[in-house]
Amino acid sequence: MPVYRFIVRFQRADDPRSVGLLADARALGLTALACIQCQDLFFIEGQLSPDECQQLARSLLIDPLTQSFDWRELPASPADPPPGALIVEVALRPGVTDPVADEIVRAAHQLGLTGVRRAATGLRYLFFFAPSASIRESVTQSVPVRASATESVTNSVTQSVSVRESVTKSVTESVIESVINPVIHRWALGEIEPSFPVEAESSGAVETLRLRGLTDEALLALSAQRRAALDLAEMQALRAYCEREGRDLTDVEFETIAQTWSEHCVHKTFKALIEIENSLDGGLPSVVNGPSSTVNGLFNTYIRAATEKIAAPWVLSAFVDNAGVIDLDGENEISFKVETHNHPSAIEPFGGANTGVGGVIRDVLGVSHKPIANTDVLCFGMQDTPFDELPPGVLHPRRIFSGVVAGVQDYGNKMGIPTVNGAILFDPGYAANPLVFCGTVGIAPRRRSGSGPRPGDRVVVLGGGTGRDGLRGATFSSMTMDAQTGQVSGASVQIGNPIVEKGLVDVILPARERGLYTAITDCGAGGLSSAVGEMASRTGCEVELAQVRLKYPGLAPWEIWLSEAQERMVLAVPPEALPALQELCNLHDVTLMDIGEFTASGRLVVRYGGRVVLDLDNEFLHHGIPQRKLKATLPAAASGDSLDHSSSTVHRPPSIVPRPPSPVHSPLPHVDPAQTLLRLLAHPNIVSKAEVIRIYDHEVQGGTAVKPLTGAQMDAPSDACVLRPLGARGRAGIALANGINPEYGKRDPYRMAMAVVDEAVRNLVAVGADPARIALLDNFCWGDPLRPETLGALVEAARGCHDAALLFGAPFISGKDSLNNEYLGADGQRHAIPPTLLISSIGVMADVTRAITMDLKEAGNLLYLIGDFAPTFGGSHFHLAASGLCPPATLNEPVPSVSARTPGVYAALHRAIASGLVRAAHDLSEGGLAVAAAEMCIGGRLGLDLDLPPGDPLRLLFGETTGCLLVEVAPLQAAAFEAGFRDLPLRRLGRVAETPALTVSAGGSLLFRLPVSALLEAWNTSLHEQLLTDD
Amino acid sequence: MTTKPKALLLLAHGTNRDRDAAEALTLAGADPEVIPLNLLRQARRRFDEYQMLVLPGGFSYADALGAGKLLAIDLQTYFADQIRAFVASGKPVIGICNGFQALVKAGILPGDGVEATLTFNARGRFECRWVTLRPVSSTCVWTRGLDDLIACPVAHGEGNFQAAAPDRLTGQIALTYVLPDGSPAGGAYPANPNGSVLDIAGLCNPAGNVLGLMPHPENHIHPWQHPLWTRRAGGRSGLPLFENGVRYAVQL
């Protein structure tokens, strides 16, 4: 059948897409590029007349006012390439979702062009290089050949006639790498051959894996060969099961168990029995159980224990469902879940982040809630990392940054969910292992839905087709990556289709209202195997895999069962409700697949074409995994702080290890405070993230009362966002924030955990949330827990979470861990991330119109510093910004601890805000008091006159502390405000000034004065521009 | 008491600001109903059962092949006669963001065969930010008589309005991007967020009953949605625009 090839190009050479590509490529160091033209390719298979080809292009493929096109029938001799251009054409690999291709076929038929049979898309790049030889030289130096630019690239480039001789091989490779990702793309120099999706049918092949009688070595070899990530004890348990049952396992059974028992699904490290090999002076903290210094499960001992001790009546569901659930206003409940999608984002940043967002939205759908807000916290390597410092096979951090941000944007915006809170951090340790935390908040009327599946209910899958995408994602995410991971695990990468997921929302919410299902869960890691397996874990079920709609042929049954194809939910549907659900699906173009039935057998039975390919009993599948026994060495730098719980009530812990009394600090050498402040404001972790925040839609759904960017010019950083969801009655609202600090994590994981819980709580209190109604989520991203010191740091962080939750009376309602964030480079070195704990916080406020923002409001108002102010330089950003200028002694200072008086400070602040006494509040975080004050000035475009209390000015300005905020109060309200802080730490620091300048004095003498315009200029430094000026 | 005019809010595959628009219409006194496109295709609902038609924002068909393009093909194939009759009857129609894109790509706006498009923002990326609009048309039933400026967000990547002969459209310009003080944006970013010719933010058909606009007045209908409300600033609500449309529908 004929194939027609269409090229669509913009009539203007400076179309925004091409201009953006050029800017990105040049920022990656490809300064030899003078111009990029990017054009769209469409391949149409079918029987079309020349007139029909013209009509197809005019009415479907181009925007007639801005674009033009060429077309011809294939095969035909390629058109002459423009002289001097390097031409690269790129298409998706077979099996990678191409939603546009499907739409072309559908819409062409709609237009009466019924001769169109199949379609495929691609991109055509024309690269033009600057003529200068000197540029060539500098590029060759700055862009070395990388391991993943394979020999075949080099060979074909050498043969290509379209490449001018002056363009070196390495530049060509780098240019190609800047637009393709071999994990999802195939490409060609010159014209690419189209390939089309084909009709779908499974291969039906099932293998039997012999386990009985295998030696331990052979067991481990089998685990490695199938990339199962099961250890010896687990493989031995499988062997014992086979011997008991008198049979071996099919590949479907083996893969199912590997997924169900993966770190990702079962969190074996957090459930492990941990033996602590060293102890701190005077023994272990009291919360560590038993005389033998063991912790029987980090999760139960620290995380769940904290929630149970706090026993907040407004927590409606913690840890059991897909997302944690709390009460909003007595009529509505809200859910919150945060997930990571780190490994997929490392190898395909757009798809990894895209499906990370899609996955966490499905978690909220999995509790039948309407998604109303997204959060995202991203950690990347330094954006100016030289190429030759990257481990082989690792994408440049700048590529990862732009891909991840685009992936988050694409999914959230298209779903119509506002992205309202987040953070972006940089550390060299994230270069090979970026962290992508995606969160979603949901809402529903307060009525617990779903009785759980009942025998006789149908097993129904809603959503997209099943392909080879994301195979073994759960085990993949549980392994250390190496240079080959990208290639081998290519199948683990998924590309999302948010519009399909939007269809799921449109179906599930009314289906819930009408009671059309008894249980629901999402298809995440492990695909159907884990979704159906979990749902049927208390009943049993029988599934027929031949009923699953496939995207393309050749999938073996285990691949169908394990595929992590996106945008699918599994529902338990009573047979009598099935027609109504089908009708709803038809209305919203959602595919419904009835693949089986829940039973009372206690067994999971899977057939393919009638033949049994899996038959496992629930008891073994869900409880047969042996508890891991691990060893931990506590970090030497650990502070050994602890809360004494023996005599405490939750809300009044008697003491925390006292803060270091304002100590005899060695005076700092002369460091210019004004320059230091400007450098801090321009530091990548502190600098404005407005360019990213604005590509996320934070207004859709109309509920964003306090926005991520705030202040007089809408460009200052909010501490938290406040939502008043549509559908909620009255003025009740939700506040969202987070706390994260890898700098502290590197030094003292216990204090880090305390500090980030404090930060997450404080950010909420700063906008007016009620500190008595705050719930927390924990996301641990760590290295390999089999290394005792890595696990020791994790133990300390979990203990810190527990103690901080009790201190603030803020329960954990959900959490997740992502371990093995390590990268084995070809150099044989392990590259691990800094111990990173994200605490996401969700708070409730009775009246959103009482919320406040951080920007200064009015000249003449008073500025207070509240909280126990004990600035220290341990882990501070002062060190990052003023490195080399600080005496080594300050480097070894402990990171900040949390004062026992902090909850009282927050309660007092909340009462003041609720009474309308406060005009602005802002927390002290990275960069300390000076950065907080500068940000408030930027927000209000107003000045501040500050007089520092006694002490070393540099420490007071840039040291970091927990538990403190700057608060703006009108003079008339000062007395009432101060009265609320009787016996609590509060000091008057200065006044808001009409003249827009930050003026800081100590003891009456001027330290520095910086105009707000200078603060703004430093803070608005673009990450991108920083790179270019550094060149 | 007059009965509330019934408003049809068309829910295409990927429409996502339907509830936002429904809230604005409810507050403005209409009776909005969100209708999935397939219900209309199956003829279980008809356009002429309604007094107002709203094409809300979103990403119909994921913006595949250009924002609004495939929804425009739906309008031109499935519903061509019904839409033509609805527009010709003079009933108020509004297309917001993706709805505007669909109306333009279906040729309903600007109308009279003038070639126009909404293409990629001049800065090449999606952007969400608050803008200030000046209602300028007395022909348009949605904007006539509105004196106050409107503050509301934009959230789009393809909102750059261009036309083959922009001079022919001056009578149809309904809303323009202006600086917060009300002076013309003059094409300058960020007041004109996308590079639209003549600072066009919204455009009506020659008869004035069909309005298309990129910004989202439906997201500024409560005082606490304004970005400066904690600074005790406010006003410039988007609600009067919807009240205007509803008032017009009521008196038809």
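Of the 252 residues of chain B, 63% count as buried, a residue being buried if 20 or more other C-beta atoms, placed from the backbone, lie within 10 Å of its own. This is a predicted model, in which local features need pLDDT of at least 70, side-chain atom pairs count only at pLDDT 80 or more, and totals for chains, interfaces and linings use all residues. Residues are numbered from 1 along each chain as its sequence is written, while chains are lettered from A and ligands numbered from 1 in the order in which they are written.

**Confidence**
- The pLDDT of chain B, the predictor's confidence in each residue from 0 to 100, averages 96, and 99% of the residues score at least 70.
- For the model, the ipTM is 0.97 and the pTM is 0.92.

**Fold of chain B**
- Chain B has 6 helices and 11 strands, which are DSSP runs (H or I, at least four residues, for helices; E, at least two, for strands) numbered from the N terminus.
- Along the principal axes, the C-alpha atoms of chain B fill a box of roughly 45 × 45 × 30 Å.
- Among the contacts in chain B with a separation of 6 or more, 79% join residues 24 or more positions apart, two residues being in contact if their C-beta atoms, placed from the backbone, lie within 7 Å.

**Contact between the chains**
- Chain B gives 47 residues to the contact and chain A gives 49 residues.
- On the side of chain B that touches chain A, the elements giving two or more residues include α1 (18-28), α3 (69-77) and β6 (127-135) of chain B, and β6(B) supplies the largest share, 4 residues.

Key: Buried ≥ 20, exposed ≤ 12 C-beta atoms within 10 Å, placed from the backbone.
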